[in-house]
Amino acid sequence: MLDIKALRQDPHAIEKALQRRNPDFSIDAVLAIDEKRRALLQEEEVLRNQRNALNKELATLKKAGENADAVMETAKAISERIKAIESEKDALAEEQDRIVMSLPNLPHESVKDGNSEEDNEEIRRWGCDFKARPLAEVPPHWETGVALNWIDFERGVKLAKSRFSVFRGNGALLVRSLIRLMLDVHTTQHGYEELVLPLLVNEASMTGTGQLPKFGEDMYKVAEDDLYLIPTSEVPITNLYRDEIVEASQLPMQFTAHTPCFRREAGSAGRDTRGLIRQHQFDKVELVHITTAESSFDALEALTSHAERILQILELPYRVVSLCTGDIGFSAAKTYDIEVWMPSQGVYREISSCSNTLDFQARRMNLRYRSAEGEKPQFCHTLNGSGIAVGRTIAAILENYVIDAHTLRIPKALVPYMNGLEHATF
RNA sequence: GGAGAAGUGUCCGAGUGGUCUAUGGUGCAGUCCUGGAAAGACUGUGUAGGGGUGACUCUACCGAGAGUUCGAAUCUCUCCUUCUCCGCCA
């Protein structure tokens, strides 16, 4: 959520920043509503003050047993006016909220202008030396996955619907091994606290991180209980301290968690229909930082490097890109995507997305910290990133580690987790 | 799921329609006292939004929301949470 005070103070600058995302943004309507609402608020407060005075007078009169009809008459009239003003004011506040809550975050100045992922800026590449594997033509990961009998796409569809799948045997073990490896690295080497979280969350949590009110159609909703299946564990992790004031000494906080994630993929019909790239349910290990304004950009570099570390340990080639204004997400001020090399298609595919949301989410969820005793509480900065998506990592392994027509090598770091398995043949 | 009880400030806890600052204690901070400390005394002590250069001041907040009333922590309704008992259950 953008700061309404900043919006009031410097509307032109904020509108210009928003228009870097989309030239259609205008904040005139919000400002007009805000002005009206504040005028009503002032009027209401004056009236309340008058009514409080009259009520005090009334109490004294009643106690003395004197006639209070005239005063009561006046008080009644004031109360009626307050009621009228209040309902008008509430309607305006609701409208203002609705608009402000659906405005995205301002892109950071270091983010390049652009319309789509074509305009993203490549920051660095890693592991390009071993990008070219011996096999000239690498089959797509879904063929290898099925040939190994590690992935059963058809029965996943039978059990649920398309874009659901089943992992079996060493394929299931691979899922578990990746989750364990990632959590182990983040907790023992990068200083994260591990969490096990609710997979269903309420509307307030979804609003806090920015999924609601705008992106409700992307999520599975359990209507009967007013709960949503999480599209990412960013939601329950970041909302952990919602509506709280934390002590500066508790910051920065670093959390990691493995959860399944659920997405309806409403707008992606026909895209990535084969394989593990775009599933309705997938496993992910998430990284979240809750920190201060002073350190959030350093935290973004750290968080990104923590996600990269997993790819380095797995020896998967990747590159890091900085998203342009047209590709960056709703809540983010700046985002680095990490893209893994997929040899069957000869392209890099997103496997992690690391964002600094500044105080955008913290303001929505009223998450604050006190920098020192007696100081006013101020909003935290929150960051999140995948560390990393498990399904897409498996896809990358099933392509980058095919060493001949019938052999898949297991990444060295995974062998202990895979009960010593070094190769799988198909 | 059924029956009952409760939710007040950091915490404990009083308050069942009206005296502007929501009793009292506790915790915390400051001052006094002291050689120093403890004890004691006094003062202050949350959040948000307004107004004023400022000392300050106004408005709202007693789990959440709605209602009754000139006036609600207090009465009514709905919801949430916790506790006790019963039922069901990995």
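This is a predicted model: local features need pLDDT of at least 70, side-chain atom pairs count only at pLDDT 80 or more; totals for chains, interfaces and linings use all residues.
Reader: What should I know about how the values are set up?
Author: Residues are numbered from 1 along each chain as its sequence is written, and chains are lettered from A, with ligands numbered from 1, in the order in which they are written.

Reader: How many helices and strands are in chain A?
Author: Chain A has 12 helices and 19 strands. Helices (H or I, at least four residues) and strands (E, at least two) are DSSP runs, numbered from the N terminus. The C-alpha atoms fill a box of roughly 100 × 45 × 45 Å along the principal axes.

Reader: Why is glutamate 118 called exposed?
Author: Buried means under 20% relative accessible area, exposed means over 50%, and partly exposed is in between (1.4 Å probe, protein chains only). Glutamate 118 has 69%. That value is over 50%, so glutamate 118 is exposed. Glutamate 118 lies in the loop between α4 (69-101) and β1 (121-126).

Reader: What makes a patch of negative charge on the surface?
Author: Glu117, Glu118, Asp119 and Glu350 gather in one. Patch residues have over 30% relative accessible area and no salt bridge; like charges are joined within 9 Å, and nonpolar side chains (Val, Leu, Ile, Met, Phe, Trp, Tyr) within 5 Å. A salt bridge is a side-chain nitrogen of Lys or Arg within 4 Å of a carboxyl oxygen of Asp or Glu. Asp and Glu count as negative, Lys and Arg as positive; His and the chain ends are not counted.

Reader: How many positive and negative side chains does chain A have?
Author: Chain A has 51 positive and 65 negative side chains. The centres of the two sets lie 2 Å apart. Each charge is placed at NZ of Lys, CZ of Arg, CG of Asp or CD of Glu.

Reader: Why is arginine 163 called buried?
Author: Arginine 163 has a relative accessible area of 13%. That is under 20%, so arginine 163 is buried. Arginine 163 sits in the loop between α6 (153-159) and β3 (166-167). Its phi is near 75 degrees, a positive value in a residue other than glycine.

Reader: Why is aspartate 226 called partly exposed?
Author: Aspartate 226 has 44% relative accessibility. That falls between 20% and 50%, so aspartate 226 is partly exposed. Aspartate 226 is in the loop between β6 (221-222) and β7 (227-229). Its phi is positive too, about 55 degrees, although aspartate 226 is not a glycine.

Reader: Why is helix α12 called largely enclosed?
Author: Helix α12 (residues 390-400) has 11 of its 11 residues buried, so it is largely enclosed by the rest of the structure. Among them are Val390, Arg392 and Glu399.

Reader: Which residues does proline 139 contact?
Author: Leaving aside neighbours within four places in sequence, proline 139 is in contact with Thr144, Ser344 and Glu399. Contact means heavy atoms within 4.5 Å. Proline 139 and alanine 405 are 266 residues apart in sequence and 9.0 Å apart in space, C-alpha to C-alpha.

Reader: Where are cis peptide bonds found?
Author: One joins leucine 251 and proline 252, with omega about -5 degrees. Another runs from glycine 387 to isoleucine 388, with omega near 5 degrees. Proline 252 lies in the loop between β8 (245-247) and β9 (253-262), while isoleucine 388 is in strand β16 (residues 381-389).

How values were computed
Side-chain values use heavy atoms; hydrogens and water are left out. Accessible areas come from the Shrake-Rupley method with a 1.4 Å probe; for residues, only the protein chains shown count as cover.
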